[in-house]
Amino acid sequence: MLLPLAVTLALAGCGGSDTHQPTSNGDAAALTLDESKLLPVNRFSKDDIDPNVDACVAFNDHVNGTWLAANDIPGDRTSWGSFEVLTERSTEIQRQLAEQAAAMNADNGVEKIVGDLWATGMDEAAINAQGIAPIQPQLDAIAAIDSPEALADYLHQSAATGDNVLFRFYAGPDFKDSAMNIAYASQGGLGLPDKSYYFEDAYQDKLAAYQAHVAKVLELSGVDAAKAAEQAGQVVAFETRLADASKSRVEMSRDAELRYNPVSLADAEKVAPAFGWSKFFDAQGVAAPEMFSLAIPAFHAEVGKMIAEVPVDEWQAYLSFRTVDRAAPYLSDDFVQQDYDFYAKTLRGQKELRERGKRVLDTIGGHTGEALGQMYVDVAFPAESKAQMEKLVDNLRASLKTRLENLAWMGEDTKKKALEKWASFTPKIGYPDQWRDWSGLDTSRDSYIANVHAANEFNYKWNVGKIGRPVDRSEWGMSPQTVNAYYRSSANEIVFPAAILQPPFFDPDASDELNYGGIGAVIGHEMIHGYDDQGSRFGPTGNFENWWTEEDAAGFKKLTDQLIAQFNGYEAAPGQYVNGKLTLGENIADLGGLAVALDAMHAATADTPDPMTDGMSRDQRFFANWATVWRRNFTSEELNVRLATDSHAPANFRAMAAPSNMPSFAAAYSCTPGQPMVRDGDDRIVIW
């Protein structure tokens, strides 16, 4: 994955047809797009190059310094760069479509769903008039809890509506049989980004601010100030206990096996007898399985102990806070402001609350993204883009195969398995061949949060309804309007939503080197995820299996340890360094993906002379567009959060880290040994 998913998950058509089905009312022509309202795309320009900065010394500054200095972070964002510009373009398209859907006032179809969410989300007066009333029934149910047994029952019943505040429960492919879905229960329950925020000295100011936030939210819900302060202390102590039994982001991101702990229902009951897993499955409307994955069993054991040990009133404080806090973005202005003040302003350094329309579109995208996406591709994704992308994917596949066949460090037995996996890659481009069926989701023009709750419950039941059923590999895990891409190990598939297929990534009118340095490197990146430190633990069909000889596994680890060390050496802010282990998977994908893309570009242009565009060679423009993809400014607060939680290194290091390992870069810019952008000898890292 190029960037972290904002909603997930996380986590869900094979590319093929050059046509797509129209929206459900059958009148695609009714949807229009005013392109004059869209931000210009952020394509590579020779004018952005700073000739006063040596490419061999500071490549990111050479390519992006001028642009970054001229483009401050907007007040309603915490970062700004190529991804954000395209996201703003996508957001404006979605706004126009949502407004049209609301005006249609359709009786059914995706236009009704999108129109109802937009109309109610934009009705600020009605939302303010309702105040906290829409969630009062949930708060009353929490207040009625009077015993550990009643508490467990509440946890079961609230989870069945998609409102599980304690842990994630979902259907996903069985690690050992990727063709079948099983149930997964993971950890959760924390309000801060990672367990480290509850224990490490560096985050104690954020922990104190969080406790103040908890108190304020409880006050807004009707608790008097003194009681709210007392309960806030209880909530933070409660979450600290959960955090102590949780795995960190680093642990979870770098060990896929932590998500897979198959147990029988009887064994699950022994882990947390006070929780009652049999009753939980009954409440979800799911037949009790013979086996499911109880990930992080220590976490669930702790939940079971807390049900028995923590006084009911402290549970009520925690559940009330979490219920209100999760609902805050959809409630009246005072709740919205408090939500922004802590999570956006204090935690991430965002200077302004995003205007209502953008927030509502985030909600539509998060809850009914593919419904809006069905409208999006009608107006914003030309069929020829899909055809050109399919050709690029084929060229990148051929390049990757050649690299796999010629790996010097890998033995023939492992190489054979790697090529089997290569042969089974499935690409998905633009949008699903079959749109999701939204029948049964009832929305109205009565209440914004009621529509949000309806969509949340609908999605939850749709997901858990897959438990025990064959995996539908036509489903997508991102909507077409998302500016991102991903690799899914359980399906061995690479996916490129429509919205990322714009400059600087992809331009149907651009020269080869720009497209290969942009979307070509993205294609390579996602393919290489199948061979990163976690993707390499899954076989050609998506099963979790070991296809490595011991010698090759040791050789792979030696190389990845070198890459960890490289990134550990990058200082992102004074005294703060990139976590090479946390970011390892993405760094492997960048390193291999860029090399694969360069090989593919050389093959595609082998019979044509270098045009030396604007005085730059083809290879220089290839690397420059790669860097353009990664131009990005962060607020200091946002950078702090990302260093602790994000499996992606800060963008400026991604712009230069992979090229510094490639002799082709040094040759393109006439760099000499010893310069910062030249890693040679034992320091040079080549994995794939």
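## Salt bridges across the structure

Searching the whole of this predicted model turns up 34 salt bridges. Side chains of opposite charge can pair when their charged atoms come close.

Start with Asp507 and Arg43, which form a salt bridge whose closest N and O atoms are 3.1 Å apart. Asp507 sits in the loop between strand 8 (493-497) and helix 19 (512-528), while Arg43 belongs to the segment before helix 1 (59-70), so this pair ties together parts that are 464 residues apart in sequence. The two partners can be described by their accessibility as well: Asp507 has 13% relative accessibility and counts as buried, whereas Arg43, at 42%, counts as partly exposed.

Next, find Asp533 and Arg254, whose side chains meet in a salt bridge at 2.7 Å from N to O. This pair also links distant parts of the chain, 279 residues apart: Asp533 is in the loop between helix 19 and helix 20 (550-568), and Arg254 is in the loop between helix 9 (249-253) and strand 4. Are these two residues buried or exposed? Both Asp533 and Arg254 are buried.

Salt bridges can also share partners, as they do where Asp76, Arg77, Glu88 and Lys358 are joined into one network.

For a local example, look at helix 8 (residues 225-244), where Lys227 and Glu230 lie 3 residues apart, about one turn of the helix. They form a salt bridge, with the closest N and O atoms 3.8 Å apart. Lys227 is partly exposed, with a relative accessible area of 34%, and Glu230 is partly exposed too, at 44%.

Now turn to the strands. Strands of a sheet pair through backbone hydrogen bonds, either parallel or antiparallel.

How many bridges join strand 4 to strand 5? There are 2, and the two strands run antiparallel, with strand 5 covering residues 292-294.

## An enclosed helix

Finally, visit helix 24 (residues 651-660). Of its 10 residues, 9 are buried, so the helix is largely enclosed by the rest of the structure. Among the buried residues are Phe653, Arg654, Met656 and Pro659.

Note on methods. Residues numbered from 1 in each chain as written. Predicted model: local features only at pLDDT ≥ 70, side-chain atom pairs only at ≥ 80, totals over all residues. Heavy atoms only, no water. Pairing = 2+ DSSP bridges. Helix = DSSP H or I, 4+ residues; strand = E, 2+ residues; numbered from the N terminus. Buried < 20%, exposed > 50% of the residue type's maximum accessible area, 1.4 Å probe, protein only. Salt bridge = Lys/Arg side-chain N within 4 Å of Asp/Glu carboxyl O.
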